[in-house]
Amino acid sequence: METRDLFNILSEEVRHKVDIYFAPQKIDKYFKDMGYYTNEVSVTNKEGDEIELSVLKIVSGKVSGGQDVAEKVILDARDKAKVIVKKYDIENNPNELFHYLGPGHFTLWGEELDRYEPEQNDIVQRERIRQEKIIKGDTALFTFKTDKALFVSIGNEDNFDKNMLASYGPVDPHGILGLIERKLSEDIILINPFWIWNER
């Protein structure tokens with residue numbers, strides 16, 4: 001992705017998103033995997049010329065000579081998530097990246113999935129139990145069904161905003177950004193979640 005394209009992405013106005021689940025460490029890792037190795041963006045204004053951006057190499061604080069000035073902008077995880085979503089749109093699901101916006105359902109910690117076929121519910125529940133043993137904590141499920149498959153995302157309780165989940169969890173549409181991890185069965189796809197939101 002060209003640096004000018006990156007600037008355009010960060011400048012775009014987007015619809016309001018209410019964060020329900022957010023995992024910045026996963027977003028940071030994927031952002032680096034895309035080839036962006038710094039959190040700093042250098043915005044340089046050269047005497048009325050177009051703004052230039054540098055994110056891939058070492059960023060300088062000032063441009064020497066004349067009136068050229070460079071400002072450093074620190075990208076947060078939400079900025080990076082915007083770039084990743086745009087990359088998905090441009091490159092059409094690169095590296096198993098997954099982006100969805102539509103109706104979905106949360107099954108909270110302590111609740112068992114019971115919305116689908118019994119065999120599907122059992123498969124998802126077994127995977128959920130397996131992950132809870134690894135993280136030594138509780139999880140919530142985010143599920144949605146399309147004509148192609150049942151998609152399941154298992155999120156660590158610590159990454160949920162419980163206030164926003166209670167307020168916006170039942171309200172469609174929901175977006176999810178993450179990586180397709182693997183198939184749990186022929187018709188169940190597991191997604192490793194980066195970000196889940198309600199779009200207003």
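1. A residue is called buried when its relative accessible area is under 20%, exposed when over 50%, and partly exposed in between, using a 1.4 Å probe and protein chains only. By that rule arginine 128, at 2% relative accessibility, counts as buried. The model is a predicted one, in which local features need pLDDT of at least 70 and side-chain atom pairs count only at pLDDT 80 or more, while totals for chains, interfaces and linings use all residues. Residues are numbered from 1 along each chain as its sequence is written, and side-chain values use heavy atoms, with hydrogens and water left out.

2. A salt bridge is taken here as a side-chain nitrogen of Lys or Arg within 4 Å of a carboxyl oxygen of Asp or Glu, and a search of the whole structure finds 10 of them. Side chains of opposite charge can pair when their charged atoms come close. One of these pairs joins arginine 128 to glutamate 132, with 3.7 Å between the closest N and O atoms; glutamate 132 is partly exposed, at a relative accessible area of 22%.

3. Helices (H or I, at least four residues) and strands (E, at least two) are DSSP runs numbered from the N terminus. Glutamate 132 and arginine 128 both belong to helix H4, where they sit 4 residues apart, about one turn of the helix. An α-helix has 3.6 residues a turn, so residues three or four places apart point the same way.

4. Helix H4 (residues 118–135) also holds arginine 130 and glutamate 127, which are 3 residues apart and meet through their side chains in a salt bridge of 2.8 Å, N to O. Arginine 130 counts as partly exposed because its relative accessibility is 37%, whereas glutamate 127 counts as buried because its value is 5%. Both residues take part in a network of salt bridges that links Glu127, Arg130, Glu181 and Arg182.

5. A further salt bridge connects lysine 162 with glutamate 157, whose closest N and O atoms are 3.8 Å apart. Here lysine 162 is partly exposed at 42% relative accessibility, while glutamate 157 is buried, with a relative accessible area of 18%.

6. Which residues of helix H3 are buried? They are Ala77, Lys80, Ala81, Val83, Ile84, Val85, Lys87 and Tyr88. The helix (residues 77–91) has 15 residues and spans 21 Å from its first C-alpha to its last, close to the 21 Å expected at 1.5 Å a residue, where the expected span is 1.5 Å times one less than the number of residues. At the start of H3 a side-chain oxygen of aspartate 76 comes to within 3.1 Å of the backbone nitrogen of arginine 78, and just after the helix asparagine 92 takes a positive phi of about 60°.

7. Two strands pair if DSSP finds at least two bridges between them. Strand E8 (residues 150–156) has 6 of its 7 residues buried, so it is largely enclosed by the rest of the structure. Strand E7 (residues 139–145) pairs with E8 in the antiparallel sense over 7 bridges, the two forming a hairpin with 4 residues between them, and threonine 143 stands opposite valine 152. E8 also pairs with strand E10 (residues 188–199), in the parallel sense over 4 bridges, with leucine 150 having isoleucine 188 as its bridge partner.

8. Strand E5 (residues 97–102) is mostly covered, with 5 of its 6 residues buried. It runs antiparallel to strand E9 (residues 174–185), to which 6 bridges join it, and tyrosine 100 stands opposite isoleucine 176 in E9.

Terms used. A polar contact is a pair of N or O atoms within 3.5 Å; within protein, one must be able to donate a hydrogen and the other to accept it, and residues adjacent in sequence count only if both atoms are side-chain atoms.
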